Amino acid sequence: FLQEEGDLEKAIDLYRRLLLKHPDHAAASDNLATAYRRTGHWEEAITLLRQAATSRPDDAAPWIQLGHAYLEQEDDRLALDAMRQVVRCRPFDWTSTLRAARVCPLLYESAEEI
């Protein structure tokens, strides 16, 4: 609710406190990562998302967020890796395949890469 109302700093504080009591609370972790992304705390967001993706490798949600965070940071290679993991989590979901296919670098380093 606080995120929706725009009070991101208060939301961050509450998510942090909730995670101190319940460190495995997936929704709180994902929401905290979203709040971090929205406030420009990229290092914190990406760290949380990597932890979530590692602890829940078959859950597409943290991989999707991680991919978007990397895209927002213009790291196309890591974004593509994350989106490919989404495809592995959801092999029959065409939107996951499309999400991965639309990630491509702005500049390629060689003709072979193209």
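This is a predicted model: local features need pLDDT of at least 70, side-chain atom pairs count only at pLDDT 80 or more; totals for chains, interfaces and linings use all residues.
Visitor: What percentage of the residues count as buried?
Guide: To be buried here, a residue needs under 20% relative accessible area. The protein has 114 residues, and the share that passes this test is 37%.

Visitor: Is Gln-65 buried or exposed?
Guide: First, find Gln-65 in helix H5, which covers residues 60-72. The cut-off for buried is under 20% relative accessible area. Gln-65 has a relative accessibility of 13%, so it counts as buried.

Visitor: Which residues does Gln-65 touch, leaving aside its neighbours within four places in sequence?
Guide: Contact here means heavy atoms within 4.5 Å. With those sequence neighbours set aside, the partners of Gln-65 are Asp-30, Ala-33, Thr-34, Arg-37 and Leu-49.

Visitor: Which residues have the most contacts inside the largest nonpolar core?
Guide: That core has 28 residues. Helices H2 (8-21), H3, H4, H5 and H6 (76-89) each give two or more residues to this core. The ones with the most contacts inside the core are Leu-32, Tyr-36, Trp-63, Leu-66 and Val-86.

Visitor: And Val-86, what is it in contact with beyond its neighbours within four places in sequence?
Guide: Val-86 is one of the residues with the most contacts inside the core. Skipping those sequence neighbours, you'll find Val-86 in contact with Ala-60, Trp-63, Ile-64, Ser-96 and Arg-99.

Visitor: Which element gives the largest share of the lining of the largest pocket?
Guide: This pocket has a volume of about 170 Å³. Two elements give two or more residues to its lining: helix H3 (26-38) and helix H4 (42-55). The largest share is four residues, and it comes from H4.

Visitor: How many residues of that lining are charged?
Guide: Have a look at who lines the largest pocket: among them are Leu-19, Pro-23, Asp-24, His-25 and Arg-56. Sorted by class, the lining has five nonpolar residues and four polar ones, and the charged ones number two.

Visitor: What share of the accessible surface belongs to carbon and sulfur atoms?
Guide: Start with the total, which for this protein is about 7,400 Å². Of that surface, the part belonging to carbon and sulfur atoms is 54%.

Definitions and conventions. Residues are numbered from 1 along each chain as its sequence is written. Side-chain values use heavy atoms; hydrogens and water are left out. Buried means under 20% relative accessible area, exposed over 50%, partly exposed in between (1.4 Å probe, protein chains only). Accessible areas come from the Shrake-Rupley method with a 1.4 Å probe; for residues, only the protein chains shown count as cover. On a 1 Å grid over the protein atoms alone, a cavity is a set of points where a 1.4 Å probe fits but cannot get out, and a pocket is an open set with protein on both sides within 12 Å along at least five of seven lines; lining residues have an atom within 4 Å of a point. Grid points are joined across faces, edges and corners, and a volume is the space filled by probe spheres set on the points. Ala, Val, Leu, Ile, Met, Phe, Trp, Tyr, Cys and Pro count as nonpolar, Asp, Glu, Lys and Arg as charged, and the others, Gly among them, as polar. A nonpolar core is a set of buried Ala, Val, Leu, Ile, Met, Phe, Trp, Tyr and Cys residues joined through side-chain atoms within 4.5 Å.
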